[in-house]
Amino acid sequence: MRQTLISSATLVGAAQALNYTCTPSAIQAALPQGASVNFAYPVAANATFNVPKGDTGYPTSPPNLPALCAASIQVKSIGNTTYGFGIFLPEEWNGRFLAVGNGGFAGGINYLDMASGVRYGFAAISTDTGHNSTSGDGTWADKQPDKVENWGHLAMHGSVVLGKQITASYYKQNATYSYYSGCSTGGRQGLKEAEYYPEDFDGILAGAPAWWTNRLQPWTVRIALVNLPTTADYHIPAALFATLNKEIIKQCDPQDGVVDNIISDPKGCNFQPLTLLCGSPSANATSCFTGPQLDTVYKLFSDYVGANNTVLFPSFYYGSEGQPFLISGNAPNSLGTQYVQYFLGKGASWNFTDYNDDIIALSDSIHPGNASVGYDLSRFHAKGGKVLSYHGLSDPLIPTGSLPYYYDHLTRTLKPKGINVDEFFKYFLVPGMGHCSGTQTSMNAPWYFAGANQQPVLGSDVYSVPGFEDKKHDVLKALMAWVEEAEAPEYIIGTKYVNESTHDKVMRQRPICIYPKQAKYTGKGDVNDAANWKCKSLY
């Protein structure tokens, strides 16, 4: 059963919506010149919305929906470009508006995450960012600065503005609160909204934010080169990362008071890689490391530093090596190479072996799409907005260190202006969680809290945290309580279901504490029960 706070005004709006005609002409009437309706039609309760063919970024059709009106809109943008967005308008509306984010370079409307939002009762939208592609395909950006600007920020903001207009017209009243939920590129989109368009949202949920696009994408090439070429004596083959992961867990696990294969404090771990050094030239190279390979280990967990010891990008945290997606292949991930080729204009002939630090300077100077997020969120603070951010401690795609780095520089920018960052921006780091969702099988960490992109991982029709649909376990509801009831979260309880299925029982739960606190075992009771853990300050 859904558990949302619904005001009397909201119920009135819902009743009006039941009599509203969900047609292209009705939706078109709410739109300005330059915006046109692709389709609009009602979807019956418990039916499936069929994602239009060609939405390569998000092709999965969400089933078992509440009764709603589904519409798609196309909007003229800068130059000769356009962008589109989809909107779900539920019959049982909770009076609120929600936008959901995208991932990587993906173009396409994220109907699956819209479905997660509409099950709460939100009027939910998603933008296609102005193009159609999979998350790892950046070829569309080739010599297309206007398209990149749409992807960077224009398409999200424009879709939000028009989505709110449609919502107000449909329900005959404005939404009482507006929210955002996204992870990765979606997390970046949320923070960019807070920086550029502070009036768009009251609350922003920003998971694993790829906020420093100018540096993150080049770093993706550079971190792969630390372990390339595969013929080098310092190269760590893919199979050996499991050995590294096992030793890191062994050394870094116990610090939270429990030996359970979950690393809670990687920055506090004094990891000693020398324990992995082969004892003789004839040692089994599949279970130990040579000296040159240990040099690579040190580099993988060190910040990317340029001239004058300037940090160019933060590092991985211990624990991320369990899923070495960016560092175990024969070439860098396309999110790095195609960014240099097509966003920075180097062209398809550019080879990753030509990478050097000049690429960072080029990226900063071009600042493609104005996508990177700055540190001045004072306007969002001034309007009373709230940001709740998070990052998996075992993220193998975006280094976990990038979120604390952002928070630190946000504080450096705003504290001298008399702004207490903690009043409006809070974040937490999730032990054992990978990129946005999931956990390594070697850890089985309680990673699920209904964050952005998480609900579809457990099932395409999952709502909230099954069995625990409240603000202590559901991060979106925690954000709503902070915005609407001034109840700032102190922790979120993470849940791990057996076999990642809500049809199975809960394996374990644990509080995930808001920075600067960490969860510590009390020393008594079942370690899989969240009640036996307490949030304690790091300093």
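This is a predicted model: local features need pLDDT of at least 70, side-chain atom pairs count only at pLDDT 80 or more; totals for chains, interfaces and linings use all residues.

Entry on the end of H4.

Entry on the length of H4. I checked the span of H4, residues 145-171. Its 27 residues, at 1.5 Å a residue, should span 39 Å, and the end C-alpha atoms are 37 Å apart, so the two agree. I also looked for bends, and found a kink of about 60° centred on Trp151.

Entry on H4 and H5. I took H5 as residues 185-196. The axes of H4 and H5 are 10 Å apart, and the packing angle is about 70°. That angle makes H4 roughly perpendicular to H5, because 65 to 115 degrees counts as such. The crossing is right-handed. From H4 I listed Trp151, Gly152, His153, Met156 and His157 in the contact. From H5 I listed Thr185, Arg188, Gln189, Lys192, Glu193 and Tyr196. Sorted by class, this contact has 3 nonpolar, 5 polar and 3 charged residues.

Entry on H6 and H10. Next I turned to H6, residues 213-225, and H10, residues 358-366. Their axes come within 9 Å and cross at roughly 150°. H6 is therefore roughly antiparallel to H10. This crossing is right-handed. On the H6 side I found Asn214, Arg215 and Pro218, which meet Ile359, Ile360, Ser363 and Asp364 of H10. By class I get 3 nonpolar, 2 polar and 2 charged residues in the contact of H6 with H10.

Methods. Residues are numbered from 1 along each chain as its sequence is written. Side-chain values use heavy atoms; hydrogens and water are left out. Helices (H or I, at least four residues) and strands (E, at least two) are DSSP runs, numbered from the N terminus. The expected span of a helix is 1.5 Å times one less than its number of residues. The bend at a residue is the angle between axes fitted to the seven residues ending there and the seven starting there. Axes are lines fitted to C-alpha atoms, for helices over the stretch in contact, and angles run from 0 to 180 degrees between N-to-C directions. Angles under 35 degrees count as roughly parallel, over 145 as roughly antiparallel, 65 to 115 as roughly perpendicular and the rest as oblique. A crossing is left-handed if the near helix is turned anticlockwise from the far one by less than a right angle, and right-handed if clockwise. Contact means heavy atoms within 4.5 Å. Ala, Val, Leu, Ile, Met, Phe, Trp, Tyr, Cys and Pro count as nonpolar, Asp, Glu, Lys and Arg as charged, and the others, Gly among them, as polar.
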